[in-house]
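Here is a short briefing to read alongside the structure. Please keep the viewer open as you go.

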Amino acid sequence: MYRMLIDEVAALDDGHKQMLLDGYRCLFSDRVMAQEEIAELAAALPYVVCEAGQVMAIFGLDRRPCAHQLTINGVRRYTWCIWDAFFIAEALGEDALIETVDPVSQQSLSAQFVAGRWQVEGALWASFPVQKNSGAALRSAFCRFVHLFADHGNALAYQQMHGCVPEPVFVLLARSREMAVAMQPSQQKVIRTA
């Protein structure tokens, strides 16, 4: 399903990609969006959540508490899954701190994005669900199964409980990079070489 999400974002036109990135930046600020902006955003982009006339969440980034925390410029927000935290930080290109809890061991885990590079300590693992989207909501079909684990044993235990595929953290980082690149309007895409 992660591939479907990357393809969905890559298919957006440059204006909508810019709108998505601007929406993320808005969620990290105190700026209140005008009702016209909210209507345009909700009509143009998938997975926009509004409450009481304000945007609360956009495609994985949420003002309301969720399991994973993403802090940029001292402002803490939350993400629907751990993958969201990684690709949003990279797409925005800002130094970031990601904090979460291993759902098996309850161990606190963190990663930092500093000067365009990930700093991840330990032999972390991630999980991705194997099922295809059955028409269920994104958060219930995908996001609730995408987590970070302190070690391979915890990822395997989670796999036995939920049928997810355990992946080393470098796979999560590669998928995050792929999504972050897909989010960039054409004129902003930067190709890194080794």
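Is the crossing of H1 and H7 left-handed or right-handed? The crossing of H1 and H7 is left-handed (the near helix is turned anticlockwise from the far one by less than a right angle). This is a predicted model, where local features need pLDDT of at least 70, side-chain atom pairs count only at pLDDT 80 or more, and totals for chains, interfaces and linings use all residues. Residues are numbered from 1 along each chain as its sequence is written, and side-chain values use heavy atoms, leaving out hydrogens and water.

**The helix pair**
- Helix H1 covers residues 2-10 and helix H7 residues 169-183; they pack at about 20°, with axes 8 Å apart.
- H1 and H7 are therefore roughly parallel (angles under 35 degrees).
- On the H1 side, the contact (heavy atoms within 4.5 Å) is made by Tyr2, Arg3, Leu5, Ile6, Val9 and Ala10.
- H7 contributes Arg175, Glu178, Met179, Ala182 and Met183.
- By class, the H1 and H7 contact has eight nonpolar, no polar and three charged residues.

**The strands**
- In strand S2 (residues 54-58), four of the five residues are buried (under 20% relative accessible area, 1.4 Å probe, protein chains only).
- S2 runs antiparallel to strand S1 (residues 48-51), joined by four bridges, and Cys50 stands opposite Val55.
- Strand S3 (residues 61-62) is joined to S2 by two bridges, also antiparallel, with Ala57 opposite Asp62.

**The turns**
- Two residues lie between S1 and S2 in their hairpin, where Ala52 has a positive phi of about 50°.
- The hairpin of S2 and S3 has two residues between the strands, and Phe59 in the turn has a positive phi of about 35°.

Notes. Axes are lines fitted to C-alpha atoms, for helices over the stretch in contact, and angles run from 0 to 180 degrees between N-to-C directions. Angles under 35 degrees count as roughly parallel, over 145 as roughly antiparallel, 65 to 115 as roughly perpendicular and the rest as oblique. Ala, Val, Leu, Ile, Met, Phe, Trp, Tyr, Cys and Pro count as nonpolar, Asp, Glu, Lys and Arg as charged, and the others, Gly among them, as polar. Buried means under 20% relative accessible area, exposed over 50%, partly exposed in between (1.4 Å probe, protein chains only). Two strands pair if DSSP finds at least two bridges between them.
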